[in-house]
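Let's walk through this structure together, one element at a time. Please have the sequence and the 3D view open as you read.

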Amino acid sequence: MSGLRIAILSPTPEYEEDWSHIQADYTRLLGDSAAFIDWTKADDFSDFDLVTPLLAWGYPRDCPRWFALLDRLEAEKIRVSNPVSILRWNSDKAYLAELDAAGIASVPTILSPLLDRVALEDARKTFNVETLVVKPPISGGADGTFRLERDDIVPASVAGQRMMIQPYLPNIAEEGEYSLFYFAGVFSHSILKRPAKGDFRVQEQYGGQEEAVTAPEDALTLAQRALTATSEITKTGTLAYARVDILRDGDGVFRLMELELIEPSLFLRFAPDAGAAFAKALVTGV
């Protein structure tokens with residue numbers, strides 16, 4: 001597609017989630033100009049004109065290595081999409097508090113420095129709910145994410161850890177979670193993701209399913225406001241790619257769940273142009 005040589009950071013061979021279908025999408029769109037490089041072994045970028053972390057799945061499992069890589073990309077002034085400053089900011093979901101302070105309706109969140117039963121009970125009182133969701137602030141693919149009822153013990157794998165606590169919003173199972181996709185700042189397509197029966201995680205590896213939908217107008221408005229606020233907070237321009245995950249709460253209000261600006265699944269099979277706008281945004285810059 002272009003004369004650019006593109007390094008696409010990808011998972012380690014041990015990473016359990018299948019990414020071959022996404023690799024096939026990027027190969028179809030970018031051709032021989034793209035090479036897939038294990039992000040943990042990405043030591044020399046001298047042969048590449050552009051680096052993108054679009055498949056750097058699993059980076060939350062080795063945060064020191066991830067942030068060291070970002071520092072090196074920045075120090076060596078390597079062209080990266082999206083910019084390193086955005087990647088660093090988006091790595092920790094504490095960014096939700098900044099967006100909330102900027103007036104972006106988000107899923108209510110408490111950042112607990114040390115997760116224990118006291119923190120959970122305090123959160124239940126604050127949110128006035130029985131059921132909570134806890135997740136690491138640096139995470140992906142629902143790793144370390146749990147739904148907890150009042151009688152549940154704190155899972156050993158996250159006890160005492162820095163964790164996000166949120167109210168469980170039943171609409172995740174009843175309606176689902178919307179994902180809206182933007183390439184070079186332009187809306188491309190949207191999907192609705194639903195968890196498997198009895199679960200709350202919408203990811204495919206947990207049985208979640210997705211379908212193409214027309215994004216509700218209020219969801220489109222919230223997504224655009226979130227991206228505008230992100231640009232203002234981070235002092236960055238238009239991004240090559242962005243995924244905005246949105247959920248409707250019990251009062252019918254759309255709330256931001258996450259901004260995916262690092263390594264989102266883009267579900268290009270649902271894009272009207274099969275991903276052409278994405279490929280153009282990636283290689284030409286914005």
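What covers the buried residues of H1? The cover includes strand E1 (6-10), strand E2 (34-38) and helix H8 (276-284). Before going further, a word on the ground rules: this is a predicted model, in which local features need pLDDT of at least 70 and side-chain atom pairs count only at pLDDT 80 or more, while totals for chains, interfaces and linings use all residues. Residues are numbered from 1 along each chain as its sequence is written, and side-chain values use heavy atoms, with hydrogens and water left out. Helices (H or I, at least four residues) and strands (E, at least two) are DSSP runs, numbered from the N terminus.

Back to helix H1, which spans residues 20-30. Its buried residues are Ile22, Tyr26, Leu29 and Leu30, where buried means under 20% relative accessible area, exposed over 50% and partly exposed in between, with a 1.4 Å probe and protein chains only. Looking down the axis of H1, you will find these buried residues within an arc of 85 degrees, so they line one face of the helix; the arc is that of the directions from the helix axis to the C-beta atoms. After H1 comes glycine 31, which has a positive phi near 70 degrees.

How do H1 and H8 meet? Two packed helices are described by the angle between their axes and the distance between the axes. For H1 and H8, the angle is about 70 degrees and the axes are 10 Å apart. Axes here are lines fitted to C-alpha atoms, for helices over the stretch in contact, and angles run from 0 to 180 degrees between N-to-C directions. The two helices H1 and H8 are therefore roughly perpendicular to each other; angles under 35 degrees count as roughly parallel, over 145 as roughly antiparallel, 65 to 115 as roughly perpendicular and the rest as oblique. Tyr26, Leu29 and Leu30 of H1 make the contact with Ala276, Phe278, Ala279, Leu282 and Val283 of H8, contact meaning heavy atoms within 4.5 Å.

Now turn to another pair of helices. Helix H2 (residues 63-75) and helix H3 (residues 84-91) have axes that come within 10 Å and cross at roughly 160 degrees. That makes H2 roughly antiparallel to H3. On the H2 side, Trp66, Phe67, Leu70, Asp71, Leu73 and Glu74 meet Val84, Leu87, Arg88 and Ser91 in H3.

Next come the sheets. Strands of a sheet pair through backbone hydrogen bonds, either parallel or antiparallel. In this model, two strands pair if DSSP finds at least two bridges between them.

Is strand E8 buried or exposed? Seven of the seven residues of E8 (residues 177-183) are buried, so this strand is largely enclosed by the rest of the structure. Glu177, Ser179, Phe181 and Phe183 point one way from E8, while Tyr178, Leu180 and Tyr182 point the other way.

Seven bridges join E8 to strand E9 (residues 186-194), with phenylalanine 181 opposite histidine 189 and phenylalanine 183 opposite valine 186. The hairpin of E8 and E9 has two residues between the strands, and alanine 184 takes a positive phi near 55 degrees there. Six bridges join E8 to strand E11 (residues 241-248), where leucine 180 stands opposite valine 244.

E11 also pairs with E12, over six bridges, and leucine 247 stands opposite arginine 255. Six of the seven residues of E12 are buried.
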